Amino acid sequence: MAALETAEARSWRLQQWIWLVAVVCGAFGVFLSYHGSSVFYAFRLVFAVEVVLFLVHLVRFGWPKERIAVRWLLPLLLFWFVWAAASVAWSIDRSAWAHNLFLLALGLASLGLTALYSDDRFLPRMMVVLLATVVLSYFIAFWENLTGHHLSISTIVFSLKNPVRSVHPTAWFHNENDYASYLAILTPWFLPLAQATKRRWLRWLSPVLAGIGIYFIIATSARIDIIAVGIGLLVFLLLHLWGHTLGKALVTVVVAIAVSQLFVYALPPLQTAIFRAEKESAGQVPSS
């Protein structure tokens with residue numbers, strides 16, 4: 001019996017690690033794909049492996065006893081899927097309906113698996129890894145925002161005639177709206193990290209990183225995501241309204257906003273200087 005319990009625990013731990021890899025792959029989207037394919041990319045492949053391992057686990061060990069409470073989520077996710085599937089009755093484009101239903105199923109399954117695997121170790125580990133991907137994206141976004149050049153996956157092409165659009169950051173996404181949505185979802189999580197950590201340097205670095213993310217959301221000009229992150233900041237303050245941590249939360253938000261505004265006013269002169277140098281360089285190149 002002990003051997004079976006050990007095997008079950010080992011199987012569960014393996015699934016958690018593979019799902020963590022899947023979550024990271026999901027953060028990179030189609031950037032981690034085969035020749036830019038929107039069908040065969042890393043997240044879907046790791047997701048398929050995860051589902052197979054989970055089904056094998058169910059057959060061998062049954063539903064994990066410590067995750068019984070998660071079962072209440074399954075009817076909700078199933079209802080969501082069935083309700084969406086029923087839209088076929090009024091759908092004009094059946095092909096688009098099938099594609100969107102597949103994406104919804106993928107998203108609902110991902111939500112369910114994340115809830116299933118979340119525990120005191122997995123959830124903080126997942127958030128730290130996701131926030132690390134955000135910080136990694138900042139390096140690409142800084143380069144794009146200053147120079148107007150982008151990775152090949154981006155739909156934005158460098159143009160001296162349209163410098164305003166050229167400096168919109170996209171990181172490893174197709175366009176600035178996708179990157180802004182990614183930041184709007186993850187950037188606010190730097191704020192509770194600042195409250196939860198016991199490391200003083202991380203307590204101050206977290207709102208700075210949040211502020212950089214807010215700046216890049218502003219730089220994309222994605223209005224709905226700017227509103228979303230503003231609501232996120234407000235919710236963060238409201239959660240501390242009736243406690244003794246409101247002062248610390250307010251300082252965290254003020255630092256984040258101050259950092260974002262610092263970049264808003266500091267980077268445009270650098271952008272102008274770089275684009276002026278690009279124009280001068282282009283003017284010196286003899287026409288063929």
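The lining of the largest pocket in this predicted model comprises 21 nonpolar, 9 polar and 2 charged residues. In this classification, Ala, Val, Leu, Ile, Met, Phe, Trp, Tyr, Cys and Pro count as nonpolar, Asp, Glu, Lys and Arg as charged, and the others, Gly among them, as polar. The largest pocket holds about 1,100 Å³ of space, and V23, G26, A27, G29 and F43 are the closest to its centre among the 32 residues that line it. Two or more lining residues each are given by α1 (2-28), α2 (42-61), α4 (94-117), α5 (122-147) and α7 (176-186). A pocket here is an open set of points, on a 1 Å grid over the protein atoms alone, where a 1.4 Å probe fits, with protein on both sides within 12 Å along at least five of seven lines; lining residues have an atom within 4 Å of a point. Grid points are joined across faces, edges and corners, and the volume is the space filled by probe spheres set on the points. Rolling a probe the size of a water molecule over the atoms shows where empty space is left.

The second largest pocket contains about 350 Å³ of space. Of its 15 lining residues, L74, L108, A109, G112 and L113 are the closest to the centre. Helices α2, α3 (73-85) and α4 each supply two or more residues to this lining, and the largest share, 6 residues, comes from α4. By class, the lining of the second largest pocket has 14 nonpolar residues, 1 polar residue and no charged ones. L74 sits in helix α3 and is partly exposed, because its relative accessibility is 39%. Although L74 and L108 are 34 residues apart along the chain, their C-alpha atoms are separated by 9.6 Å.

For the chain as a whole, the secondary structure comes to 11 helices and 0 strands. Helices (H or I, at least four residues) and strands (E, at least two) are DSSP runs, numbered from the N terminus. Buried residues account for 41% of the 288 residues in the protein chain; buried means under 20% relative accessible area, exposed over 50%, and partly exposed in between (1.4 Å probe, protein chains only). E144 and H168 are 24 residues apart in sequence, with a C-alpha to C-alpha separation of 7.1 Å.

Most residues other than glycine have a negative phi, and most peptide bonds are trans. A171, which is not a glycine, has a positive phi of about 55°. This residue lies in the loop between α6 (163-166) and α7 and counts as buried because its relative accessibility is 0%. S221, also a residue other than glycine, has a positive phi near 65°. S221 is found in the loop between α9 (200-220) and α10, and its relative accessible area of 42% makes it partly exposed.

L239 belongs to the loop between α10 (223-238) and α11 (246-284), and at 68% relative accessibility L239 counts as exposed.

Residues are numbered from 1 along each chain as its sequence is written, and side-chain values use heavy atoms, with hydrogens and water left out. In this predicted model, local features need pLDDT of at least 70 and side-chain atom pairs count only at pLDDT 80 or more, whereas totals for chains, interfaces and linings use all residues.
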